[in-house]
Amino acid sequence: MTAKIAYDAVDIGTELPAQTFPVTRDTLVRYAGASGDFNPIHWNEKFAREVGLPDVIAHGMFTMAEAIRVVTDWAGDPGAVVEYGVRFTKPVVVPNDDQGALIEVSGKVAAKLDDHRVRVDLTATSAGQKVLGMSRAVVRLA
């Protein structure tokens with residue numbers, strides 16, 4: 001696969017379609033099984049509170065993975081992402097109810113680089129708080 005977006009079709013400031021990703025306790029248990037990360041802060045409310053957290057929190061890598069989906073869906077090819085990094089700034093708190101939490105992600109082209117690459121800056125929030133900082137991806141476009 002190759003990116004479906006042409007380098008010449010984007011400008012600095014081009015906004016990617018924003019997405020919202022629901023997260024429930026069920027999501028966290030499934031992710032723990034897939035990743036092998038069974039840290040109790042991600043599934044045990046009592047333990048999470050004992051270590052000073054407000055409640056169970058989503059895995060940082062899960063949050064990071066959900067955020068990059070905005071870029072891979074836009075580019076049309078996950079392999080087009082050549083660099084990706086974030087700083088974890090706040091946890092995604094996931095209450096034990098039917099609603100869970102939402103991770104809201106938006107992105108925009110922040111720089112045009114050489115070799116048909118662009119830098120996309122992402123903003124990821126949950127419950128009105130920024131949960132990822134310095135979230136940036138470099139993407140090779142068509």
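Let me start with Val120. Leaving out residues up to four places away in sequence, Val120 touches Leu16, Val71, Trp74, Gly107, Lys108, Val109, Ala110, Ser135, Arg136, Ala137 and Val139; contact here means heavy atoms within 4.5 Å.

A word on the source. This is a predicted model, where local features need pLDDT of at least 70 and side-chain atom pairs count only at pLDDT 80 or more, while totals for chains, interfaces and linings use all residues. Residues are numbered from 1 along each chain as its sequence is written, and side-chain values use heavy atoms, with hydrogens and water left out.

Next, the core. Val120, Trp74, Val118 and Val139 have the most contacts inside the largest nonpolar core, which has 34 residues. Such a core is a set of buried Ala, Val, Leu, Ile, Met, Phe, Trp, Tyr and Cys residues joined through side-chain atoms within 4.5 Å. At least two of its residues come from each of β1 (15-23), α3 (60-75), β3 (101-112), β4 (117-126) and β5 (129-140). Helix α3 gives the most, eight residues. Helices (H or I, at least four residues) and strands (E, at least two) are DSSP runs, numbered from the N terminus.

Gly60 is in helix α3. Its C-alpha atom is separated by 9.0 Å from that of Leu132, 72 residues apart along the chain.

Now the loop between α2 (45-50) and α3, where Asp55 lies. Is Asp55 buried or exposed? Asp55 counts as buried because its relative accessibility is 8%; buried means under 20% relative accessible area, exposed over 50%, partly exposed in between (1.4 Å probe, protein chains only). Among the residues that Asp55 touches are Arg25, Glu45 and Val93.
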